[in-house]
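Please open the model in a viewer and keep the selection panel at hand.

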Amino acid sequence: MIKGQFERANELIATFRSRMDEPLKAWQGRLRVGVDLGTANVVVAVVDETGQPVAGALKPAQVVRDGLVVDYAGAVNIVRRLVENLRVTLGAELLTAATAVPPGTGDRDSRATRYVVESAELQVVNVVDEPTAASAVLGVRDGAVVDVGGGTTGISILKEGEVVYTADEPTGGTHFTLVLSGHYGLPFSEAEAMKLDPGRQPELLPLVRPVMEKVAAIVRRHLEGWDVPTVYLVGGAFSFHGFVDVMQRQLDVPVLCPVEPLLVTPLGIALCCPAG
Ligand SMILES: Nc1ncnc2c1ncn2[C@@H]1O[C@H](COP(=O)(O)OP(=O)(O)OP(=O)(O)O)[C@@H](O)[C@H]1O
Ligand SMILES: [Mg+2]
């Protein structure tokens with residue numbers, strides 16, 4: 001990918017971040033919605049017909065595990081509330097949406113995700129796989145997308161815009177928190193709060209580095225034998241300062257991590273909702 005394209009992607013993601021606090025007041029055409037049901041967060045993104053980010057909302061929640069809806073009623077509740085709030089804030093109808101599932105998710109599990117989104121009175125017009133959504137933002141045609149979220153590490157290799165290889169491994173940001181929780185003898189929620197404090201991250205890095213190295217080793221193994229020019233790092237776990245460096249040291253391929261890696265897939269899902 002040419003550098004300009006990555007910079008444009010970063011601008012788009014930064015714009016989406018600021019629209020989550022301050023929604024756009026005027027937009028073009030029909031609004032399109034993306035719903036990301038993650039292990040750690042439910043995120044709703046709204047873009048206009050031209051792909052301009054308009055608004056967004058996020059709620060930490062444990063309603064999904066590895067792409068599987070484990071708390072259906074909880075998921076319905078959260079999605080309904082987030083979408084309803086966005087309708088009120090924007091004073092607009094939100095009619096159609098896209099959602100995403102990890103690659104290789106079977107029909108039955110994709111259907112559960114679709115039903116959750118439909119419960120918010122949204123017509124689901126597209127169900128994409130997560131790396132495809134992320135690449136809609138990043139403009140990746142050739143390379144690997146590595147998504148380290150709360151519960152899992154998703155590895156996808158793209159060739160000429162098509163996903164040609166995928167893998168999912170059960171290690172993510174939650175495991176960083178578990179290490180800290182064990183080390184300090186703190187409940188999970190307190191360890192999570194400590195991890196999210198950017199001021200604490202330099203002193204915590206040596207404790208979580210072994211888990212980061214494990215993730216990097218997993219990724220390295222999956223990339224073996226593939227001709228991958230660049231590895232794109234997305235997912236909230238990469239917000240931990242130092243993780244991107246650990247990845248770069250372990251991989252022979254250049255890595256690129258956009259601003260706000262947590263928001264890439266949700267924004268991409270909205271962009272995958274067809275206009276009109
Ligand atoms: N500023 C931050 N510093 C460190 N970690 C962070 C930060 N922000 C978010 N995280 C971590 O990122 C993870 C959530 O990322 P994300 O929202 O991408 O996951 P998800 O999509 O819900 O999960 P998955 O993709 O595994 O289903 C959590 O483990 C959270 O602790
Ligand atoms: Mg995710």
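Helices (H or I, at least four residues) and strands (E, at least two) are DSSP runs, numbered from the N terminus. This is a predicted model, in which local features need pLDDT of at least 70, side-chain atom pairs count only at pLDDT 80 or more, and totals for chains, interfaces and linings use all residues. Residues are numbered from 1 along each chain as its sequence is written, chains are lettered from A and ligands numbered from 1 in the order in which they are written, and side-chain values use heavy atoms, with hydrogens and water left out.

**Ligand 1 and its shell**

Select ligand 1 and then the residues near it (one heavy atom of the residue within 4 Å of the molecule). The shell holds 20 residues, the closest being Thr-39, Ala-40, Asn-41, Glu-192 and Lys-195. Which helix supplies the largest share of this shell? Select H6, which contributes three residues. Helix H5 (173–184) and helix H6 (188–196) each give at least two residues to the shell.

Colour the shell by residue class: Ala, Val, Leu, Ile, Met, Phe, Trp, Tyr, Cys and Pro count as nonpolar, Asp, Glu, Lys and Arg as charged, and the others, Gly among them, as polar. The shell then divides into 13 polar, five nonpolar and two charged residues.

Next, display the backbone around the ligand. A polar backbone atom of Ala-40 is 2.7 Å from an oxygen atom of ligand 1. For Thr-152, a polar backbone atom is 3.2 Å from a ligand oxygen, and a backbone N or O atom of Ala-237 likewise lies 3.2 Å from an oxygen atom of ligand 1. The protein buries 88% of the 660 Å² that ligand 1 exposes when taken alone (accessible areas by the Shrake-Rupley method, 1.4 Å probe).

Colour domain 1 (3–136 + 263–271) and domain 2 (140–261) separately; both give residues to the shell, so ligand 1 lies between them. These bounds come from an automatic or database domain assignment.

**Helix H9**

Move to helix H9 (residues 264–271). Seven of its eight residues are buried, so the helix is largely enclosed by the rest of the structure. Here buried means under 20% relative accessible area, exposed over 50%, and partly exposed in between (1.4 Å probe, protein chains only). Among the buried residues of H9 are Val-264, Pro-266, Leu-267 and Ile-269.

**The cysteines**

Finally, select Cys-272 and Cys-273. The structure holds zero disulfides (pairs of cysteine sulfur atoms within 2.5 Å). Cys-272 is in no disulfide, and the nearest cysteine sulfur, that of Cys-273, is 9.1 Å away. Cys-272 is buried, with a relative accessible area of 14%, and Cys-273 is buried at 0%.

Key. A polar contact is a pair of N or O atoms within 3.5 Å; within protein, one must be able to donate a hydrogen and the other to accept it, and residues adjacent in sequence count only if both atoms are side-chain atoms.
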